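Please look at the structure below with the backbone, the sheet and the surrounding helices in view.

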Amino acid sequence: MAHLTGQERARYVTRMFARISRRYDLLNTVMTGGRHYAWRKRATGMAVEGLSGPALDIATGTGDFAFDLARRPEVTDVVGLDFTRDMLKLANVKASRQELSRHTTFTAGDAHALPFKDEQFICATVGFGIRNFIDLPTALQEMVRVVRPGGRVVSLEIVRMEGRGPMPKLLPLHFRYVTPWLGSLLAGDREAYTYLPKSVENFLSATEIDHAMSDAGLVNVRHKKLGLGTVAIHIAEKP
Ligand SMILES: C[S@@+](CC[C@H](N)C(=O)[O-])C[C@H]1O[C@@H](n2cnc3c(N)ncnc32)[C@H](O)[C@@H]1O
């Protein structure tokens with residue numbers, strides 16, 4: 001991946017998610033022991049509490065974060081954006097099954113150039129997405145731009161583990177060897193699930209994401225670690 005240009009990397013990522021789209025939800029459930037639903041719900045509450053209006057979910061994939069937002073009484077309607085159309089097709093099917101189509105719209109687009117006016121949303125969320133962005137500072141600035149003053153930017157993401165105990169050594173090993181095997185077994189795609197642990201090893205720690213959010217102009221930046229420290233919810237406000 002390191003040798004690819006930004007555009008080539010984006011093409012690689014979207015093709016990979018198109019290939020695994022049908023098995024994506026199942027793999028998420030197996031790899032997190034079903035915890036990913038609770039993590040999104042918790043992040044959703046933190047994103048919208050005390051606010052009221054439309055919400056945006058970026059890198060929405062098959063739409064689970066958007067659906068949690070749509071179920072919140074504070075949220076009038078939700079836009080879910082992703083650049084992989086096969087993921088969006090599944091999101092639309094799930095929206096009608098869950099009778100949430102009236103409140104959710106899915107649209108194709110790139111996180112680095114959001115097709116929305118300034119200050120349109122009460123919050124911009126992103127679940128397991130920022131690790132895939134080719135230019136995180138630009139994507140964060142775009143999230144800040146489309147959120148109202150006083151609105152929130154929230155990310156749920158697998159983070160590079162910090163610290164010295166046994167966990168920061170053992171969990172990445174588990175990730176590196178077990179995840180590709182699960183991907184091959186359940187999604188028939190070892191390559192895609194080899195990309196996942198590699199993208200985490202090369203990604204930021206929770207503290208580094210704090211700094212990236214502050215650099216994007218956000219205030220009151222904080223995070224909550226989950227899943228034995230492998231996952232973090234980051235939350236911050238637009239001044
Ligand atoms: C791991 S999935 C996350 C899906 C969903 N948010 C969730 O919580 O399960 C990552 C998604 O990010 C999308 N994505 C990656 N880079 C993107 C970009 N630059 N713009 C829009 N979507 C992007 C991929 O197409 C994929 O659907």
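Phe128 counts as buried because 22 C-beta neighbours lie inside 10 Å, where buried means 20 or more other C-beta atoms within 10 Å of a residue's own, exposed means 12 or fewer, partly exposed is in between, and C-beta atoms are placed from the backbone. Although Phe128 is not a glycine, it has a positive phi of about 50°, and its place is in the loop between S4 and H5. This is a predicted model, in which local features need pLDDT of at least 70, side-chain atom pairs count only at pLDDT 80 or more, and totals for chains, interfaces and linings use all residues. Residues are numbered from 1 along each chain as its sequence is written.

Helices (H or I, at least four residues) and strands (E, at least two) are DSSP runs numbered from the N terminus. Helix H5 (residues 136-146) lies across S1, S4 and S5, running at about 145° to S5; such angles run from 0 to 180 degrees between N-to-C directions, with axes fitted to C-alpha atoms, for helices over the stretch in contact. The buried residues of H5, among them Leu140 and Met143, pack against S1, S4, S5 and helix H8 (206-215), contact meaning backbone-placed C-beta atoms within 7 Å.

The open sheet has 7 strands in the order S3-S2-S1-S4-S5-S7-S6, with mixed pairing, strands being paired if DSSP finds at least two bridges between them. Strand S3 (104-108) and strand S6 (219-226) stand at the edges with a single partner strand each, so one side of each is left without a neighbour in the sheet.

Notes:
Contact = placed C-beta atoms within 7 Å.
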